[in-house]
Amino acid sequence: MSLETILSSINSFVWGPPLLLLLSGTGLYLTLRLGFIQIRHLPRALYYLFNRERGVGKKGDVSAFAALCTALAATIGTGNIVGVATAVQAGGPGAIFWMWLVALLGMATKYAECLLAVKYRVRDKQGFMAGGPMYYIEQGLGIKWLAKFFAVCGVLVAFFGIGTFPQINAITHAMQDTFNVSIEITATIITALVALIILGGVKRISTVSSIIVPFMAVLYVVTSIVIIVLNWQQVPAAISLIVHSAFNPQAALGGALGYTVLKAIQSGVARGIFSNESGLGSAPIATAAAQTKEPVRQGLISMTGTFLDTIIVCTMTGIVLVLTGAWQSQELAGAALTNYAFSEGLGTGLGATIVTVGLLFFAFTTILGWCYYGERCFVYLTGVKAIKVYRSVFILLVASGTFIKLDIIWILADIVNGLMAFPNLIALVALRHIVINETKDYFMRIKQTHADQDDVA
């Protein structure tokens, strides 16, 4: 039995029904106990997103919006373009419905983990805010070995998984295929840009993310809306197909073989979680740096990340794939399928160019976001003196990533990424009463003081 076969079996076990059920179950529990907070307080969360908190002072390193953009930099990426196409081809249009559902539940999970990140954060020896699952596992649960296990997984994912090799490969090959730029030139330029940005620390990373992420997300969504408007007559049928095939794919897809309800659920749930990372414990690391004095307030802001990533961006990809009929293609897959769908939708090759440019920038910001995640985990394990060592190794890995075969690396990355979720979910379940009590206290203070939405006494 080959190493790849063994690792594939381990990966199937890690990302099997137990983890998917645990992720979805935690989201469902928090949704019910918090009174559907992701629905009732979404308007308030969006208001907070664009309005600074009063009297926050210097309690934090970056603005709440910048912290969210840093988290979104790592989540809005190739999964929104490639992952959705893969899910729809594997599970049919119904996978999009289940992606919506897991995102809805994931918003409650993201709220809880980011609330805990702010509540249990500390200042490191350099004066920067440090937080995330490793801190609320250690301080909230008192289980230091579990916190270290999470941190080790975080470093490994940043070094050998999502943070480097897949992203730099996507960028260099996209530039070669679309614009005929050599892999070596692109790799050199990207490495130099990454070094310039990450050596400036979280403030520089958040600044760049605050510019690139909103711009590319808006461009991608606007392009999708244009396609929807140009094909508005097919929209009702597309929505009906998505909903119907989520529960009865054989009837909805004309008796097509290979599509089942279970396959639609598995594809939608897995791709949704990979895209928005709710419950994996990555976003709380960036959230801990936010300038805020209210854990609940930042939790509300952070849950909009899942809303924007999956409910908005992934939905745009899915709708275009179904609307244009591109999802039925047997010859194309992944990014090529999405390129084809956007080109068909616009009736011009400009659609493919926009998707390719989106991939380039999304992949680049994912490198930045995961560099920061890995750095915070590395600092937790070794202390602030080792930051330069971490950044140097990360830059070298980015430089060499495009020349490394990804078959085994992808599987290893998936395994370690999945392992990150277990300690985080254990903490969320164990600290659920902290989340519930903090939430009740916050909204009670709003009610008692009749405070403005951005100023709780």
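Let's start with overall size. The protein has 457 residues, and a compact globule of that length would have a radius of gyration near 23 Å; the protein has 21 Å, which agrees. That radius is taken over C-alpha atoms, and the globule rule is 2.2 Å times the number of residues to the power 0.38.

A word on the source. This is a predicted model, where local features need pLDDT of at least 70, side-chain atom pairs count only at pLDDT 80 or more, and totals for chains, interfaces and linings use all residues. Residues are numbered from 1 along each chain as its sequence is written, and side-chain values use heavy atoms, with hydrogens and water left out.

Back to the fold. The C-alpha atoms fill a box of roughly 55 × 50 × 45 Å along the principal axes. There are 22 helices and 2 strands. Those are DSSP runs, numbered from the N terminus: helices are H or I, at least four residues, and strands are E, at least two. Of the 457 residues, 59% are buried. Buried means under 20% relative accessible area, exposed over 50%, partly exposed in between, with a 1.4 Å probe and protein chains only.

Now contacts, meaning heavy atoms within 4.5 Å. Take those between residues at least 6 apart in sequence: 84% join residues at least 24 apart.

On to the aromatics. Rings of Phe, Tyr and Trp (its six-membered ring) pair if their centres lie within 6.5 Å; planes under 30 degrees apart count as stacked, over 60 as edge-to-face and the rest as tilted. How many aromatic pairs does this rule give? The count is 16.

Here is one. Phe 160 and Phe 165 have ring centres 6.4 Å apart and planes at 55 degrees, so they make a tilted pair. Phe 160 is partly exposed, at 37% relative accessible area. Phe 165 is buried, at 3%.

Next, Tyr 220 and Phe 362. Their centres are 6.3 Å apart and their planes sit at 70 degrees, so this pair is edge-to-face. Why does it tie together parts that are 142 residues apart in sequence? Because Tyr 220 lies in helix α12 (residues 201-230) and Phe 362 in helix α19 (residues 350-382). Both are buried: Tyr 220 at 1% relative accessibility, Phe 362 at 2%.

There is also a cluster. Ring pairs link Phe 159, Phe 160, Phe 165, Phe 378, Tyr 390 and Phe 394.

Last, a charge over a ring. Arg 297 lies over the face of Tyr 48, 4.3 Å from the ring centre. The rule asks for NZ of Lys or CZ of Arg within 6 Å of the ring centre and within 35 degrees of the ring normal.
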